[in-house]
Amino acid sequence: MSVLGRLIREPLVHFVFVGAVVFAAYAFFADGEEAAIRDRIVVTEGRVLQLAQVFAKTWQRPPTPQELRGLLDAYIKEEVYYREAVKLGLDRDDTLIRRRMQQKMEFLSEPGEEVLAADDVALQAYLDDHKDSYRVEPKLAFEQVFINPKLSGGDADARAKEVLQALKEGGDPDKFGDPTLLPRSLPLSPLWAVERDFGEVFAKKMSRVPVDQWTGPIASPFGLHLVRVAKREEGYDPKLDEVRDAVRRDWRNLKRQEYQADAYDKLRRKYEVVLPELNAPQQGKSPQSEISAQPEKSSRLEKDDAE
């Protein structure tokens, strides 16, 4: 009996042949089924509702049947182009797509409300550590008479003293001074607003001017000013009840940043990052020429290894 005849009668050969046929048939039909599923676009009722809600929010009315069909056509067109682009690998090495994926991951790492819930003890501790951020600045309300040195015949100080004396004797401030774009009077305003309009030096001197009497002259970048402070409120550190909403908002933002930083740190530890050796570029050489071909672990990785 020939070798071929013996192989044909061998049960093991029969088993291998039948297995190969079954495997080939499964692979053929499975591939076809996967391709059919992969190329099928299923628009769910939830997706239709979402499209209609977005339209209603934009136009303040529900879409008509024709408009809804147009929304579905646009969605299907977007999905077709997206899938074809993924097949071609157009989603790889695209900065905008990578950043969008990063934003989605950061959104998924958002902490829950249980992490962002703060009691008065935590809020007070935060307020104590950040007093300068919530300090209420001094406030001033005043009127001023402007003396323009360019219109004072070379002796603005002498002219200012004459006007000051007239004001102290009850003169009408509207009848004195030179034209200016600066306000003649300023309502109760924080010191930063005074500094914005009249300059830093002027604002500092105004914080020491006596109330309800004409004084000066006080110099600003624009010229000389005779001033009368109508009201002054000293600055102070507010109690928690006065700034509770602002403190809670800032505390939550801090906790959110800490939580996301910790989440990133945990993800970062999964990766070994290899960087080229970076040297400070020398004059006449491009930064690329300073990069060594020998890869090294990043400083962050070295820190993790050391721990």
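1. Some ground rules to begin. Residues are numbered from 1 along each chain as its sequence is written. In this predicted model, local features need pLDDT of at least 70 and side-chain atom pairs count only at pLDDT 80 or more, while totals for chains, interfaces and linings use all residues; side-chain values use heavy atoms, with hydrogens and water left out.

2. Next, confidence. The protein chain has a mean pLDDT (the predictor's confidence in each residue, from 0 to 100) of 81, and 79% of its residues reach 70 or more. Helix α3 (residues 45–59) has the highest confidence, at 92, and helix α12 (residues 299–306) the lowest, at a mean of 43. Over residues 290–307 pLDDT stays under 50. Where pLDDT is low, the predicted coordinates should not be read in detail.

3. The overall make-up is twelve helices and six strands. These are DSSP runs, numbered from the N terminus: helices are H or I with at least four residues, strands E with at least two. Of the 307 residues in the protein chain, 22% count as buried, where buried means under 20% relative accessible area, exposed over 50% and partly exposed in between (1.4 Å probe, protein chains only).

4. Of its 14 residues, Phe142, Val194, Phe202 and Met206 touch the most other members. Strands β1 (139–147) and β4 (223–233) and helices α9 (191–198) and α10 (200–206) each supply at least two residues of this core. A second, separate core has ten residues, among them Trp214 and Leu226.

5. For a helix pair, look at α6 (residues 120–129) and α11 (residues 244–268), whose axes come within 10 Å and cross at roughly 90°. Axes are lines fitted to C-alpha atoms, for helices over the stretch in contact, and angles run from 0 to 180 degrees between N-to-C directions. The residues that make the contact (heavy atoms within 4.5 Å) include Tyr126 and Leu127 of α6 and Trp251 and Leu254 of α11.

6. Finally, some backbone details. Gly216 and Pro217 are joined by a cis peptide bond, with omega about 0°, and Pro217 lies in strand β3 (residues 214–220). Asp93 is not a glycine, yet has a positive phi of about 60°; Asp93 sits in the loop between α4 (65–87) and α5 (95–108) and counts as exposed, at 73% relative accessibility.

Terms used
Core = buried A, V, L, I, M, F, W, Y, C linked by side-chain atoms within 4.5 Å.
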